[in-house]
Amino acid sequence: MRHTLSVMVENRAGVLARVAGMFSRRGYNIESLAVGTTENPKISRMTIVVEGDNHVIEQVTKQLHKLIEVIKISDITDEEYVGRELVLIKVNADTAQRSEIMQIVDIFRARIVDIGYKSLIIEATGDQSKITAIETSLKPFGIREVVRTGKIAMVRGPKTKLE
Amino acid sequence: MVMTGAQALVRGLEAEEVDIIFGYPGGAILPVYDALINSSIKHILVRQEQAAVHAAGGYARLRGKTGVCIATSGPGATNLVTGIANAYMDSVPVVVITGQVSTEMVGTDAFQEVDITGITHPITKHNYLVQDTKDIPRIIKEAFHIAGTGRPGPVLIDLPKNVAENECWEEIPQRINLDGYKPTIKGHPSQIKTACRIMKEARCPVIHAGGGIVGSDAASDLIKLAESIQAPVATTLMGLGAIPADHELFLGMLGIHGTTAANRAVSECDLLITIGARFDDRVTGAVGKFAPDAKIIHIDIDPAEIGKNIRVNVPIVGHVKMVLQAINNQVEKGKRSQWLARIKRLKEEAAYSYPEAGKTLTTRGVIERLSALTKGNAVVTTDVGQHQMFAAQFYRVKHPRAFLSSGGLGTMGYGFPAAVGAQLADPKALVVCITGDGSFQMSMAELATAKEHNLPVKVLVFNNNCLGLVRQLQHFYCERRYTAVNMTGNPDFVKLAQAYGVPGYRISNVEEIDQVLEEALNNGKLSIVECMIEKEELVYPTVLNGKGLDEMVISTGGYYGE
């Protein structure tokens with residue numbers, strides 16, 4: 001099963017390497033990892049999507065806890081949360097195809113952020129299934145390049161993860 | 001007061017009451033060595049950096065306080081790596097200080113530059129690359145705190161040269177503030193209650209005691225528990241000494257070279273109480289066949305060890321000593337005459353697991369005599385190999401912190417530098433390093449270190465001109481195709497001793513054992529005793545790959561178990 005972990009870490013050089021290294025050397029698969037600073041400049045937040053059964057996730061969590069710079073870990077998989085990914089897609093588009101692509105972009109409430117001679121860059125945010133769907137819809141035109149951020153997530157309601 | 005970063009570092013070490021550090025100088029660490037001149041801290045110059053970590057580890061394990069070692073950047077730092085990994089695997093508190101090239105050179109592949117913090121991420125409890133001189137006092141304090149608390153382990157501080165040279169105005173902080181490091185000390189009360197209830201209900205309990213008992217000074221609490229619930233105790237290699245070997249409830253070491261008594265008892269028990277141990281594969285054999293009928297209570301300070309290799313029924317996270325005290329306060333006394341009669345029978349059988357050696361000089365024969373002559377009171381360090389297993393089986397360790405061996409990593413070359421560290425930790429102790437011709441050659445350069453400081457370590461070299469344990473593996477797994485195990489270029493170890501100006505002895509037959517050992521043990525000097533043994537001696541019992549502990553191979557037929 002796929003789990004979403006929200007991990008608070010100290011905002012210091014080398015923390016990402018420690019976390020990523022722990023995953024690889026213990027044989028855990030990271031599906032995605034997104035990291036950025038938080039409202040507190042001393043703390044960064046990582047959203048890690050990892051595949052595994054309960055035993056694996058328990059070990060992942062415990063091993064993460066052993067890293068001195070990891071402050072807090074929450075498995076939010078079963079909580080109500082907003083999860084988003086950002087994707088940029090460069091798609092083939094000559095003048096004849098543009099209007100059709102723009103319709104697709106509208107349907108997914110995505111945006112066109114760059115227009116080139118023969119291509120467009122489309123920006124979309126959403127959960128994983130939406131991102132996959134827009135990618136599939138654009139495939140027939142010829143996708144030249146895709147870049148995705150990996151999931152970030154925040155639990156709904158007034159409570160925060162550091163409280 | 002204004003001082004250099006290096007001076008601040010040395011002051012930090014003094015504040016942590018460091019009295020000895022083991023090290024090897026070099027360019028990038030020069031400022032620290034310069035600052036050490038005016039310190040009360042004694043520096044022990046080793047002959048290769050790996051020995052510095054092993055010695056610091058030996059010191060830490062005997063003394064019960066954090067050991068310190070120091071080396072320069074690049075090769076100095078990389079030579080430490082095996083020793084750091086060893087300390088990490090065996091949860092030994094060590095603070096490692098390495099020099100680094102100046103910050104403006106970092107990342108340029110400068111002379112003697114290596115990314116030692118990157119290299120040691122997986123083998124340190126934590127590490128630091130000091131970026132700013134003002135951080136030094138805080139980092140030193142944190143490093144000792146992290147190394148010595150919770151599950152102990154090595155912490156590395158990588159100190160760039162310019163950071164060591166710059167001015168430091170900062171004082172040592174009063175408090176440590178680590179949001180991400182708060183080890184659980186007290187066991188959960190309801191889990192402890194459950195554990196006590198299960199102990200009461202058990203008919204045939206066994207205690208499985210590991211290095212955590214020794215490391216947390218909980219030996220007396222362990223014995224109290226064993227006696228009150230009348231449970232026999234099997235220890236891991238790291239746990240030897242947690243209960244005196246002559247205690248009637250002691251089963252011996254368990255595992256793939258464990259005693260028949262320990263392995264059978266664990267396989268038959270209905271409750272296994274694992275304390276400060278981590279179910280290493282050398283202990284469990286095939287995990288699926290380990291303690292098949294037992295409920296398991298697992299007490300450990302490291303939550304990540306619980307449920308890692310073996311599913312447990314009652315996990316208790318906490319400081320082993322505190323948890324044992326809490327259990328001892330409420331557990332009901334047990335009386336298990338039937339189970340203890342069974343244990344007694346198992347122990348009697350165990351005495352016959354090796355056939356009589358007769359007139360053949362054997363490793364176990366010499367170790368049995370060493371054990372008798374020292375009454376189990378020596379501090380024994382071992383290297384890795386057959387001699388290590390014989391030492392674990394036949395040296396009757398009486399005290400905790402008195403059996404120092406490389407457990408998790410199995411590092412050949414550990415024993416002698418660890419003995420150097422142990423002797424410095426306790427100058428009055430009788431320190432005996434039990435080693436083999438293979439292992440000793442990995443660190444015998446440290447004879448010079450021991451000689452320089454007049455350390456009366458006794459080195460017992462079991463010389464079979466071969467890598468005995470590898471040969472034994474080839475015996476069982478490669479249909480006796482022996483390859484790359486003969487050590488044909490061995491030196492004469494007696495003459496080697498003489499080359500260093502210290503006594504060298506040789507034991508060639510059974511009659512010489514007592515006389516030579518007595519002389520060597522009582523001469524007050526660094527000594528080498530070379531014991532000429534046969535290649536064919538095998539360690540029994542042995543549990544082959546994929547087998548359970550109760551399927552161990554026991555010596556059959558002739559002396560060599562052919």
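A: A definition is needed at the outset: two strands pair if DSSP finds at least two bridges between them. The model is a predicted one. Strand β13 (residues 295–300) of chain B meets that criterion with β14(B), in the parallel sense, over 4 bridges.

Q: Which residue of β14(B) is the bridge partner of B:I299?

A: B:I299 has B:I316 as its bridge partner in β14(B).

Q: What is the order of the strands in the open sheet of 6 strands in chain B?

A: The order is β11-β10-β9-β12-β13-β14, with parallel pairing. At the edges are β11 (250–253) and β14 (314–317) of chain B, each of which pairs on one side only. On average, neighbouring strands of this sheet are turned by 15° against each other, direction ignored.

Q: Which helix lies across β9, β10, β11 and β12 of chain B?

A: That is helix α11 (residues 260–268) of chain B, which runs at about 105° to β11(B).

Q: Turning to β5(B), why is it largely enclosed by the rest of the structure?

A: Strand β5 (residues 94–100) of chain B is largely enclosed because 7 of its 7 residues are buried. One face presents B:V94, B:V96, B:T98 and B:Q100, the other B:V95, B:I97 and B:G99, and both are covered.

Q: Which strands does it pair with?

A: Strand β4 (residues 67–71) of chain B runs parallel to β5(B) and is joined to it by 5 bridges. Strand β7 (residues 154–160) of chain B also pairs with β5(B) in the parallel sense, over 7 bridges. In the latter pairing, B:V94 stands opposite B:P154.

Key: Residues numbered from 1 in each chain as written. Chains lettered and ligands numbered in written order. Predicted model: local features only at pLDDT ≥ 70, side-chain atom pairs only at ≥ 80, totals over all residues. Buried ≥ 20, exposed ≤ 12 C-beta atoms within 10 Å, placed from the backbone. Helix = DSSP H or I, 4+ residues; strand = E, 2+ residues; numbered from the N terminus. Axes fitted to C-alpha atoms, helices over the stretch in contact; angles between N-to-C directions. Contact = placed C-beta atoms within 7 Å.
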